[in-house]
Amino acid sequence: MIHALMVINILEGQFLFAKAFGGTGNDEAWFVSSTQDGGFILAGETESFGAGNNDLLVIRLASDGSLNWARTYGGTTYDYALSVTQSADGGFAVAGVTSSFGAGNYDCLVLKLASDGYLSWARTYGGTGIDTARSIIQTTDGGYAIAGWTWNFGAASADFLILKLNQDGSLAWAKIFGGTKSDYAFSIIQTADGGYAVAGWTYSFGAGQADLLILKLSQDGSLSWARTFGGANNDYSSSIIQTTDGGYAVVGSTYGSGIGNWDLLLLKINSSGSVVWAKVLGGTNADEAYSITQTPDGGYAVVGHTMSFGSGSYDYMVLKLNPDGSIAWARTLGGTGAERAYSIALAKDSGFAVAGYTNSFGAGNNDFLVLKLNPTGSYPGCVQECSPNVMTVNLSTSSPSVTTATCSPSTTLPTLTLTTPSITITDACPPGIEETVYIKPGIACSPIPGGALFLSLYDASIKIYSADGRLAYSGDLRKGENRIGLETGVYIWTAGNQRGKVAIR
């Protein structure tokens with residue numbers, strides 16, 4: 001019998017999850033990015049799977065944290081992925097380092113992947129020593145820009161290395177920036193004017209042992225300006241974004257600036273590199289920040305790890321900051337061991353995905369750990385609230401005379417071994433769902449003996465998940481009445497663009 005459907009309230013959900021992915025060895029995620037379909041792409045390294053001692057590991061997740069695919073790439077020795085971005089064609093570009101291929105001890109390694117993770121092309125760039133690709137973005141011309149460091153082409157120590165690639169991975173230009181000591185670039189973005197901003201740290205310039213070094217480059221890689229920021233000790237920057245006002249926000253870590261030994265450092269500068277404000281956040285022990293994204297309200301979300309708060313030796317720490325750098329909320333996640341977070345991405349639902357590694361949960365020594373939070377940072381039963389101290393600090397700043405030079409890295413086309421590993425997935429904390437009212441006619445669900453009754457106005461595919469996040473049913477709804485058998489328990493269902501929860505007793 002087909003029942004008439006009235007306009008009803010449908011529960012639309014945001015999936016929350018904390019999941020570990022890995023094997024019996026060390027598996028560590030260094031970067032997470034949101035995908036066009038609302039899911040997530042992760043890049044890191046694995047000792048559990050692959051061809052060599054250490055391979056690149058790239059994992060693609062659906063929006064609910066379920067595994068779409070996992071791939072390893074590498075050679076016979078050590079290969080790492082440090083950054084990933086989705087390209088306009090729906091595939092992915094991955095940057096890292098290889099000792100299996102290339103011209104030197106370690107070379108920059110860039111992979112272009114199809115949307116299913118299979119390899120489109122791979123290239124190395126480097127000299128006879130050490131070259132590292134730490135950050136990759138796709139540029140507006142369809143090519144790619146990479147920031148990292150080189151021990152080959154500058155002074156006797158490390159210099160910033162910036163590579164501009166064409167769409168096929170061929171080298172458009174390569175530049176080095178630095179001084180007489182070591183200088184490391186960790187993050188690159190393309191700016192609204194078509195140029196680039198690069199964040200890292202320097203031992204060559206500044207007020208202390210290490211200072212933040214921010215470069216603004218034109219589209220051809222020439223230097224527009226350079227600024228250092230720091231105190232008397234060590235100050236490092238790990239991530240930069242351009243803000244909606246045309247300036248920049250930079251996040252990193254600082255030693256001995258007044259709260260603990262290591263603290264989070266957040267710097268807001270204007271479009272010309274002058275300081276708007278600088279904040280130090282933390283507790284009495286070691287706290288570090290690695291990644292930042294701007295939020296829809298003009299504030300910021302920052303991720304790192306903490307020894308001042310939480311459950312273990314290190315815990316994930318996620319902070320939501322207001323536009324002035326004050327704290328809106330702060331959360332930790334962790335177990336009895338160490339959890340270190342290195343990357344944060346804004347999700348399609350305005351929540352946050354955080355990636356790093358755990359040795360409290362999972363199958364091996366360290367596993368990828370992915371945490372999905374809602375926009376308010378809540379995750380009932382899993383994350384803890386914390387209250388870091390906040391200080392406004394006055395950083396010394398300078399405009400150093402950075403040496404700039406063009407370089408010519410050797411490039412090769414390596415033949416990497418690709419595998420599809422059998423990843424073990426562990427719920428670090430059982431996934432939850434946040435319920436909000438979404439008013440739309442379409443699908444109604446009610447419990448019946450031995451299952452659930454779905455009444456639908458249209459044909460749609462449906463997936464039903466148990467409370468621990470496992471897929472309990474996958475199939476199709478037909479227009480009208482649909483009976484699906486389910487065991488006793490609480491289930492979350494998704495059908496079309498609608499979601500809901502049903503309890504079978």
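This is a predicted model: local features need pLDDT of at least 70, side-chain atom pairs count only at pLDDT 80 or more; totals for chains, interfaces and linings use all residues.
The aspartate belongs to the loop between strand E10 (131-138) and strand E11 (144-150), while Lys 164 is in strand E12, so the bridge ties together parts that are 23 residues apart in sequence.

The lysine end of this pair is another story: Lys 164 has a relative accessibility of 4% and counts as buried. That label follows because buried means under 20%.

## Asp 89 and Lys 112

Next up is Asp 89, which forms a salt bridge with Lys 112, with 3.2 Å between the closest N and O atoms. Asp 89 lies in the loop between strand E6 (79-86) and strand E7 (92-98), and Lys 112 is in strand E8 (residues 107-113), so here the pair ties together parts 23 residues apart in sequence.

As for exposure, Asp 89 comes out at 58% relative accessible area and is exposed.

## Lys 216 and Asp 193

Then there's the salt bridge in which the side chains of Lys 216 and Asp 193 meet, at 3.2 Å from N to O. Lys 216 is part of strand E16 (residues 211-217), and Asp 193 falls in the loop between strand E14 (183-190) and strand E15 (196-202), so these two tie together parts that are 23 residues apart in sequence.

Lys 216, at 6% relative accessibility, counts as buried, whereas Asp 193 is exposed, with a relative accessible area of 54%.

## The overall count

## Gly 169

Now for a glycine. Gly 169 sits in the loop between strand E12 (159-165) and strand E13 (171-178). Is Gly 169 buried or exposed? Gly 169 is buried, with a relative accessible area of 0%.

What does Gly 169 touch, leaving aside its neighbours within four places in sequence? The contacts are Trp 121, Arg 123 and Tyr 125. For a sense of distance across the model, take Ala 472: this residue is 303 residues from Gly 169 along the chain, and the two C-alpha atoms are separated by 43 Å.

Methods. Residues are numbered from 1 along each chain as its sequence is written. Side-chain values use heavy atoms; hydrogens and water are left out. Helices (H or I, at least four residues) and strands (E, at least two) are DSSP runs, numbered from the N terminus. Buried means under 20% relative accessible area, exposed over 50%, partly exposed in between (1.4 Å probe, protein chains only). Contact means heavy atoms within 4.5 Å. A salt bridge is a side-chain nitrogen of Lys or Arg within 4 Å of a carboxyl oxygen of Asp or Glu.
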